[in-house]
Amino acid sequence: MLEGRLTYQGDGMSIALRAMNATVHRMEIHTDNIAHFGLPGYQRKTPVITSFVEHLGKNAIDTVTSTEIGRLRKSDNPLDFALNSKGYFQYLNAGGGIEMTRDGRMKLDKDGYLLALDGRHVLSDAGLPVRFSHIPKDLNKHVTVAPDGEIKVFNTEKNAMQSMGRLSVVNQDGSVVDNADVKQGYVEDSNVFLQREFVSVVPLRRNFEANRQLFIIQSDTLSRTIQELGRPQ
Amino acid sequence: MLDHIIRQAADAGNKQFEKLERVTTNVANLNTTGYKVKRFEQYLSVDGQIDGVERVDTSQGSIMVTRRELDIAIQGDGYIPVTQPDGTIAYTRDGSFSKNSEGFLMTNRGDLVGDGIRLPLNYEKLFITDRGEVQVKLAGKIEPDTLGQIKLVTFANPEGLKSIGYNKLVATGESGEAAEIETKGIRQGSLERANVSMFHQIDHILRLNASVLSNMKIVKFTDDVYRQAVNLRQ
């Protein structure tokens, strides 16, 4: 007969499993960043873990989006805009919803509408799609965008610059950014640093291995306990 | 979860390879007359996947002087309409022309320039003015005769033009209709070089290389973790 009390931490195995689960979720976030490395205007996400991870499982992981401004790259395209300040451009998607992104690569269609690369309309600060009243003769010389987002197009007939509205630059909550700095002819690269992502991923792999070893040890202990106890005396 | 990571990293790697393809096309056309840089721009689609579109940078290429009388370069906006052997119209900025056996002005793919400009057999000198008028000075005459005009056209959205190969473009619904323009930008005895910047292309290649390598490395990392997860009991 067994004397005293058998203490066995039955929770250990599930803690190890949950830790492995959380590790994989963190890897997923870093993979996301690496996959979007080449995407202009992409903002890297960082996993944040609360101390309740044991109780909450994978939901204890939250992401924080970094608002650091990426490197601005000269593109020489007069319809490429980069934000050298905080804020987002607003686009109208096909379903009528408004989307926000820092990706300011735009194009003109034949009707004079300013579009995103995939054809979404660009919104002005009045909340309407930006439309040029005439097609500029020479895109490279006749379109200027001021740092506050105001678009001016040269009218060759009137020999004057005409305003075509202002690009809407808003904060995440939808309020207008006061000191927006729109740069024409630039593209903002993603603010992902590959080396930083790998520095974060390598320990995650080891972390996973450690938790796996813990799981195996506890699993072995448990099965040995069952075998020893179950053996007829 | 793990397979999702692997799929995402592999997809991203593939997309970068696709972009590399466009970059190499640009590098290959470094010396093509009138070539315009193609850019493969990636964006995040609605479902969170990376998508890409091809864009054309229509900026001016540098002008190279050849001193050949049938070479023309376009300074500024515009495309030269050419009539293809099947009668359809295409547009090009490649102005290295020649004559065929009947004296017609041809592109080097055998298309008529404009709707046909015929040069006489004997002439002393050929002029192409900055407005595109083709003039020849015949022997014994003082004033040159005007034979025709190389007209230029523009489009509301030149990026919407479709490339059909051999440096030729055709109009589409997206580009709008061709509109004739008055130009003073035709330069005889010169060619427009490709607007490819080698430094930009190298910059792209280096970034793509880093991106592809990282994505592949992540696939390997995740695969290791995957294997360990599957063999959890060993």
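Reader: Where is B:Tyr166 found in chain B?

Author: B:Tyr166 sits in the loop between strand E14 (162-165) and strand E15 (168-170) of chain B. Helices (H or I, at least four residues) and strands (E, at least two) are DSSP runs, numbered from the N terminus. This is a predicted model, where local features need pLDDT of at least 70, side-chain atom pairs count only at pLDDT 80 or more, and totals for chains, interfaces and linings use all residues. Residues are numbered from 1 along each chain as its sequence is written, while chains are lettered from A and ligands numbered from 1 in the order in which they are written.

Reader: What is the phi of B:Tyr166?

Author: Near 50 degrees, a positive value in a residue other than glycine. Most residues other than glycine have a negative phi.

Reader: Which loop holds B:Asn167, and what is its phi?

Author: B:Asn167 is in the loop between E14 and E15 of chain B. Its phi is positive, about 65 degrees, although B:Asn167 is not a glycine.

Reader: Is B:Asn167 buried or exposed?

Author: B:Asn167 counts as buried because it has 21 C-beta neighbours inside 10 Å. B:Tyr166 has 14 inside 10 Å, so it counts as partly exposed. The cut-offs: buried if 20 or more other C-beta atoms lie within 10 Å of a residue's own, exposed if 12 or fewer, partly exposed in between, with C-beta atoms placed from the backbone.

Reader: What does chain B span along its principal axes?

Author: The C-alpha trace of chain B spans about 100 × 35 × 30 Å. Its radius of gyration is 25 Å, whereas a compact globule of 234 residues would have one near 17 Å. That radius is taken over C-alpha atoms, and the globule rule is 2.2 Å times the number of residues to the power 0.38.

Reader: How many helices and strands are there in chain B?

Author: Two helices and 18 strands. Buried residues make up 31% of the 234 residues in chain B.
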